[in-house]
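Me: I want to learn how to read charged side chains in a model. Can you take me through a case?

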Amino acid sequence: GPLGRREVLMRPESSPFIYALSQKYTFPEPIVDLGGCETNKQFKDIFRRYEIWDRRNGYDVDRVIDVTISLPREVVGYAASLLCIDTLEHIWDYQIAVKNIGSIVKQNGLLVIITPFAFPFHDISGDYWRFTHQALERLFADDFNRVESGYAGDQFGVTSSIDGHFWGPVDTSAYFIGTRK
């Protein structure tokens, strides 16, 4: 099942948090990375059936999709795992997106949501929201059983940088991991 140990581990440099999760969980395939666009393309080298879905067409995007409108029938129940990394804060109609994310993940599938909590404004396609882990739990409670949630990153206000880019004094993300009911 989706909560088994993963035998083939990802490279630590791909994403520290996703790498850490790969130590604990198996990501069943196909894996959909919602909003990954150009930022998460390195995962395509790690998983056999890994697809990037984004509302913008870009390098390595496999499907152009807007999760704030009616979904095409063929995507309902498609994903065995869905990753939504640093995307939800950019979606104005996040409540519609949450419902549609629930529709994309197949029964017993795995959902991983990571979204900035204490993080500077970053105007990439709009930057509208900050969610606590409790907010993520409530938003996804109708469709997902909570496996784990909390905060990742620098909760103590130490300056941080990712790939040499300074992100400011605090860099903390809220996360939610659940299985589809």
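Me: Which side chain does a polar contact of 3.0 Å join to that of Glu51?

Reply: Note that this model is predicted. The partner is Trp53: a 3.0 Å polar contact joins the two side chains. Glu51 also makes a polar contact with the side chain of Tyr78, at 2.3 Å.

Me: Where is Glu51, and is it buried or exposed?

Reply: Glu51 sits in strand β2, residues 50-54. Glu51 is buried and has no salt bridge. The nearest side chain of opposite charge is Arg63, 5.3 Å away. Beyond four places in sequence, Glu51 is in contact with Ile31, Val32, Asp33, Asp62 and Tyr78.

Me: How many salt bridges does the whole structure have?

Reply: The search finds eight. One of them pairs Lys99 with Asp142, at 3.9 Å from N to O. Lys99 lies in helix α2 and Asp142 in the loop between α3 and β6, so this pair ties together parts 43 residues apart in sequence.

Me: Which salt bridges does Asp143 form?

Reply: Asp143 meets Lys99 at 3.5 Å, N to O. These two are 44 residues apart. Asp143 also pairs with Arg180, with closest N and O atoms 3.6 Å apart. Arg180 is in strand β9, 37 residues from Asp143. Shared partners join Lys99, Asp142, Asp143 and Arg180 into one network.

Terms used. Residues are numbered from 1 along each chain as its sequence is written. This is a predicted model: local features need pLDDT of at least 70, side-chain atom pairs count only at pLDDT 80 or more; totals for chains, interfaces and linings use all residues. Side-chain values use heavy atoms; hydrogens and water are left out. Helices (H or I, at least four residues) and strands (E, at least two) are DSSP runs, numbered from the N terminus. Buried means under 20% relative accessible area, exposed over 50%, partly exposed in between (1.4 Å probe, protein chains only). Lys and Arg count as positive and Asp and Glu as negative; His and the chain ends are not counted. A salt bridge is a side-chain nitrogen of Lys or Arg within 4 Å of a carboxyl oxygen of Asp or Glu. A polar contact is a pair of N or O atoms within 3.5 Å; within protein, one must be able to donate a hydrogen and the other to accept it, and residues adjacent in sequence count only if both atoms are side-chain atoms. Contact means heavy atoms within 4.5 Å.
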